[in-house]
Amino acid sequence: MSEPSPEQPGSPGSPGSPGSKSYSRLTIIALAVAAGISLFLIMKENPKPPKVLVSLLEFSSQASRGQKVFNRACAKCHGINASGGAKAPSLISKAYAPMAHADGAIYLAVTRGVRRHHWNLGSMPPQPGIKPDEIKDLTAFIRETQRANGIYKLKPTKAR
Ligand code: HEC
């Protein structure tokens, strides 16, 4: 864009100086350009809203009970909704899919703890406050969240 002339138009002492007429034309051009740019920016900042792909998670009632237990008892290490925390890994990963860690591994982790073996985050202490029914709920929560996030697919089952 053109630089405005440093000369002050209409400053006392230079009324009607030779440069003042061309300066005001420049000002008009500059204003028009500025108006055009602002219009462009306003339109650019308000584009058509994009379409967003939202995957909705519908938990079974067992899994939603498990989610509450998880976020109360496990999230301080594993992160909210098992998304990973400073002290423990996310469980929503292929490393914890059923082929790698079957449901029994979840049961053992809660009842006996886990000795550090997979990461460098230390060991998991047993969680004695969790009842056996709650472990089933936790398992449903972990599996359903893994499936919803594409960690593994259910094999098609025959209609019961
Ligand atoms: C004090 C922190 C802490 C808490 C609380 C905690 N965990 Fe862990 N957990 C860990 C750590 C650390 C590991 C990873 C150990 C490794 O593999 O190196 C782990 C690993 C696991 C594993 C993988 C087990 C395996 O065989 O590798 C499962 C499943 C698990 N935790 C579930 C839970 C559940 C469910 C809860 C809540 C009832 C919970 N954890 C609470 C720290 C914690």
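Modeller: Let us begin with one definition: a residue is buried if 20 or more other C-beta atoms lie within 10 Å of its own, exposed if 12 or fewer, and partly exposed in between, with C-beta atoms placed from the backbone. This is a predicted model, in which local features need pLDDT of at least 70 and side-chain atom pairs count only at pLDDT 80 or more, while totals for chains, interfaces and linings use all residues. Residues are numbered from 1 along each chain as its sequence is written.

Colleague: Is Ser-61 buried or exposed, then?

Modeller: Ser-61 counts as exposed, because 9 other C-beta atoms lie within 10 Å. Ser-61 belongs to helix α2; helices (H or I, at least four residues) and strands (E, at least two) are DSSP runs, numbered from the N terminus.

Colleague: Where is Ala-140 relative to Ser-61?

Modeller: The two are 79 residues apart in sequence, and their C-alpha atoms are 9.3 Å apart in space.

Colleague: Let us step back. How many helices and strands does the chain have?

Modeller: The protein chain has five helices and zero strands, and its pattern along the sequence reads α-α-α-α-α. Of its 160 residues, 14% count as buried.

Colleague: What share of the contacts links residues 24 or more positions apart?

Modeller: Two residues are in contact if their C-beta atoms, placed from the backbone, lie within 7 Å. Among contacts in the protein chain with a separation of 6 or more, 54% join residues 24 or more positions apart.

Colleague: Back to α2. What is its span from first C-alpha to last?

Modeller: Helix α2 covers residues 61–73, which is 13 residues, and it reaches 18 Å, close to the 18 Å expected at 1.5 Å a residue. The expected span of a helix is 1.5 Å times one less than its number of residues.

Colleague: Which residues of α2 are buried, and what do they pack against?

Modeller: Ala-63, Gly-66, Gln-67, Val-69 and Phe-70 are the buried residues of α2. They pack against α3 and α5, the latter being residues 132–148.

Colleague: And what is the span of α5?

Modeller: Helix α5 has 17 residues and reaches 24 Å from its first C-alpha to its last, close to the expected 24 Å. Its buried residues include Ile-135, Asp-137, Phe-141 and Arg-143, and the buried residues of α5 pack against α2 and α4. After α5 comes Gly-150, with a positive phi near 75 degrees.

Colleague: At what angle do the axes of α2 and α5 cross?

Modeller: They cross at roughly 100 degrees and come within 7 Å. Axes are lines fitted to C-alpha atoms, for helices over the stretch in contact, and angles run from 0 to 180 degrees between N-to-C directions. Angles under 35 degrees count as roughly parallel, over 145 as roughly antiparallel, 65 to 115 as roughly perpendicular and the rest as oblique. The helices α2 and α5 are therefore roughly perpendicular to each other. Among the residues making this contact are Gln-62 and Arg-65 of α2, and Glu-134 and Glu-144 of α5.

Colleague: How many residues of each class take part there?

Modeller: The contact of α2 with α5 has six nonpolar, four polar and five charged residues. Ala, Val, Leu, Ile, Met, Phe, Trp, Tyr, Cys and Pro count as nonpolar, Asp, Glu, Lys and Arg as charged, and the others, Gly among them, as polar.

Colleague: A new topic: the loop between α3 and α4. Why does Leu-91 count as buried?

Modeller: Leu-91 is found in that loop and counts as buried because it has 26 C-beta neighbours inside 10 Å. Apart from neighbours within four places in sequence, Leu-91 is in contact with His-78, Ala-82, Tyr-96 and Ile-142.

Colleague: What is the phi of Ala-82?

Modeller: Most residues other than glycine have a negative phi. Ala-82, although not a glycine, has a positive phi of about 60 degrees. Ala-82 lies in the loop between α3 and α4 and is buried, with 25 other C-beta atoms within 10 Å. Asn-81, in the loop between α3 and α4, also has a positive phi, about 55 degrees. With 19 C-beta neighbours inside 10 Å, Asn-81 is partly exposed.

Colleague: Finally, how many residues surround the ligand?

Modeller: There are 26, and the closest are Cys-74, Cys-77, Ala-88, His-118 and Met-124. A residue is near a molecule if its C-beta atom, placed from the backbone, lies within 6 Å of it. The shell has 17 nonpolar, six polar and three charged residues. Its largest share, four residues, comes from α4.
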